[in-house]
Amino acid sequence: MIPLNGNRSLPRQALAWAFPLVRDRARTVAGVVVLSCIGSAAALLPPYLTQRLVDEGIVGGKVGLVLWLCAAFLVLMVGGVLVETLSRLTYLKLSAHVLFGLREQVWRHLQTLAPTYYARTRGGEILSRLDGDVAEVQRFALDAPMALLNGAFSLTVALVLMLSLSPLLTALVFALVPLQVAALMFTRPWLEKSAQAMRKESAAMSSFFVESLRAMKFIQASNAARRQEAGLRAHHGDYFAALRRSQLASLGAGGLQRLLSGLGVLLVFAVGGSMAAAGELSVGVVVAFIAYTTRAAGPLQTLAGVFMGWQRAKVSLQRIRELAAEQPTVQSPTHPVPLAQPVRGELRLDAVRFGYGAEAVLDGATLDVPAGTKLALVGASGAGKSTLIDLLQRHYDPQAGRLLLDGVRLDLLDLAELRRQVVVVDQEPVLTPGSVRDNLRFVAPDADEPMLLRALDLAGLAKLAHAGGLDRPVGASAAALSRGERLRIALARAILQDPAVLILDETTSGLDLPVAQAIIGAVDHVFAGRTRIVITHNLASVGAVDRIVELRDGRLVEHVPTRSAAPLLRIV
Ligand SMILES: Nc1ncnc2c1ncn2[C@@H]1O[C@H](COP(=O)(O)OP(=O)(O)OP(=O)(O)O)[C@@H](O)[C@H]1O
């Protein structure tokens with residue numbers, strides 16, 4: 001769960017989301033605040049000292065004072081640089097902690113979402129929320145309170161120092177603040193809309209790259225490289241338009257702020273300069289005020305920057321809220337029912353109804369699979385075989401009816417335990433980046449080397465098992481191994497998982513018959529006596545089975561029981 005509470009205002013939601021992570025690092029936060037305040041104070045002292053340098057040192061002819069003040073400037077300068085460096089490094093550590101913490105929460109949430117979410121959402125959309133949007137919210141959640149604290153402190157120090165020099169000029173400079181606030185409010189919708197366009201285009205561009213990289217071989221084989229380049233150019237065009245809009249918005253908002261600060265300097269020049277010319281004010285005070293007008297604009301501009309950052313963060317927070325609103329379709333029960341040991345692998349479907357939308361894919365599907373049965377599940381393409389498997393692994397819950405393992409309803413079982421006991425090897429097994437060893441350890445982190453080698457051996461990869469093959473890089477790309485080898489690695493993983501129920505989802509379809517039969521032979525050898533469900537379009541390739549069940553019109557229909565390998569039914 002991403003802890004975003006829809007009833008709070010958006011800024012409060014962003015702050016409340018990051019707060020626990022900031023609280024974890026209370027000492028670092030205190031360090032950053034103290035350091036940045038010291039830095040600001042060090043930056044505000046020089047104008048004050050300048051007034052003394054001009055009026056008392058230069059005009060008053062005190063050479064010693066001039067030299068002392070120069071030494072003080074030097075100390076402030078060096079100290080300022082050191083404090084700023086330290087403050088930035090501390091801030092970097094803090095912001096990384098908050099960013100990573102927020103991102104891990106979003107990632108944890110993503111890991112609970114059903115395959116339907118990934119089927120309907122573009123990869124780049126998810127990526128841009130996980131990356132850019134989380135970063136925007138983190139920046140705001142951390143920058144805003146810091147900038148407010150620092151800005152308030154700097155403005156107070158500046159105000160006190162300026163008032164002690166000239167209350168009239170101080171009033172003139174601060175009279176512009178309401179105008180600056182009004183200018184920010186005026187540019188707000190512009191900033192927000194441009195941030196929305198920017199996030200949208202950045203997500204579209206990421207999606208384009210993610211999808212094209214995944215389909216690179218197909219793009220090459222279809223001679224579509226030129227068309228993809230044209231697609232990329234189109235994205236570049238849209239991205240540039242959004243970028244220009246966003247730059248114009250921040251340049252406009254920032255430019256207005258700078259104009260107003262410039263106006264403050266002009267006012268000091270005009271009023272302070274005239275008063276100094278008339279002998280009503282010292283030259284040193286005018287010089288100090290010119291410096292203060294630009295310095296005092298510093299905290300104000302930082303606050304304006306926070307405001308502009310908030311317009312971007314608001315858009316990002318809304319995008320993360322959309323993601324947070326995606327509910328996991330299944331959850332592990334708080335008090336799961338333990339399975340009796342050893343798990344037998346008896347399956348039961350009881351009038352199961354399930355559909356992705358209004359239309360049912362399974363409608364009254366009923367089936368008893370005694371432990372140890374090898375069952376062939378057949379059915380026309382789109383009949384719902386894979387959907388049924390997804391229900392058995394509890395990627396979804398049925399809308400009606402029940403599914404049971406060893407007599408216990410699947411939704412009462414611990415989800416991890418269920419998925420340990422019901423393992424699927426499908427047609428295109430996913431291999432993780434890294435070596436064969438990494439792939440096997442992905443499902444069995446505690447398995448020792450002899451266990452890995454034995455699993456490879458049993459899966460028919462004896463050559464790999466005996467030739468230092470565990471170190472062989474598999475790579476994220478499927479191209480590194482043949483399909484038969486990838487399937488055998490997946491089978492070795494299943495062997496290591498040691499489930500009570502093994503499901504082969506069209507695992508061997510498309511392979512040469514001898515290869516398919518060899519893989520099924522390995523399965524039958526290793527998993528003899530365990531429950532096996534073999535989904536197939538070609539019964540000849542799956543060896544002898546105890547039962548054949550066809551999924552037709554949402555129901556499960558028993559076919560002629562057989563122990564022969566003959567292709568009784570061939571549905572393509
Ligand atoms: N994520 C999804 N969202 C919406 N509809 C889906 C989704 N996955 C599958 N379907 C639909 O559900 C129906 C059953 O699909 P399923 O993949 O279970 O069939 P199948 O029997 O395994 O087909 P095949 O033999 O071609 O693999 C199909 O009409 C399919 O379009």
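Which helices each supply at least two residues of the lining of the second largest pocket?

**Before you start**

This is a predicted model, in which local features need pLDDT of at least 70 and side-chain atom pairs count only at pLDDT 80 or more, while totals for chains, interfaces and linings use all residues. Residues are numbered from 1 along each chain as its sequence is written, and side-chain values use heavy atoms, with hydrogens and water left out.

**Stop 1: the second largest pocket**

Select α2 (26-59), α3 (63-110), α5 (123-165) and α10 (283-325): each of them supplies at least two lining residues here. Helices are DSSP runs of H or I with at least four residues, strands are runs of E with at least two, and both are numbered from the N terminus. A pocket is an open set of points on a 1 Å grid over the protein atoms alone, with protein on both sides within 12 Å along at least five of seven lines; lining residues have an atom within 4 Å of a point. The volume is about 1100 Å³, counted as the space filled by probe spheres set on the points, which are joined across faces, edges and corners.

Now show Ser 36, Glu 84, Arg 88, Asn 150 and Thr 302, the closest to the pocket's centre of the 41 residues that line it. α2 gives the most to this lining, with 11 residues. By type, the lining has 22 nonpolar, 12 polar and 7 charged residues (Ala, Val, Leu, Ile, Met, Phe, Trp, Tyr, Cys and Pro count as nonpolar, Asp, Glu, Lys and Arg as charged, and the others, Gly among them, as polar).

**Stop 2**

Next, select residues 385-392, helix α11. Because 6 of its 8 residues are buried, α11 is largely enclosed by the rest of the structure. Buried means under 20% relative accessible area, exposed over 50%, and partly exposed in between (1.4 Å probe, protein chains only). The buried ones are Lys 385, Thr 387, Leu 388, Ile 389, Leu 391 and Leu 392. Just after α11, look at Arg 394, which takes a positive phi of about 55°.

**Stop 2: salt bridges**

Show Glu 326 and Arg 120 together. They form a salt bridge, with the closest N and O atoms 3.0 Å apart; the term means a side-chain nitrogen of Lys or Arg within 4 Å of a carboxyl oxygen of Asp or Glu. Glu 326 sits in the loop between α10 and β1 (347-354) and Arg 120 in helix α4 (residues 115-120), so the pair ties together parts that are 206 residues apart in sequence. Arg 120 counts as exposed, at 54% relative accessibility.

Then move to α5, where Glu 125 and Arg 129 are 4 residues apart, about one helical turn. Their salt bridge brings the closest N and O atoms to 2.6 Å apart. Arg 129 is buried, with a relative accessible area of 12%.

Key: 1 Å grid on protein atoms, 1.4 Å probe; cavity = no way out; pocket = protein on both sides within 12 Å on 5 of 7 lines; lining within 4 Å.
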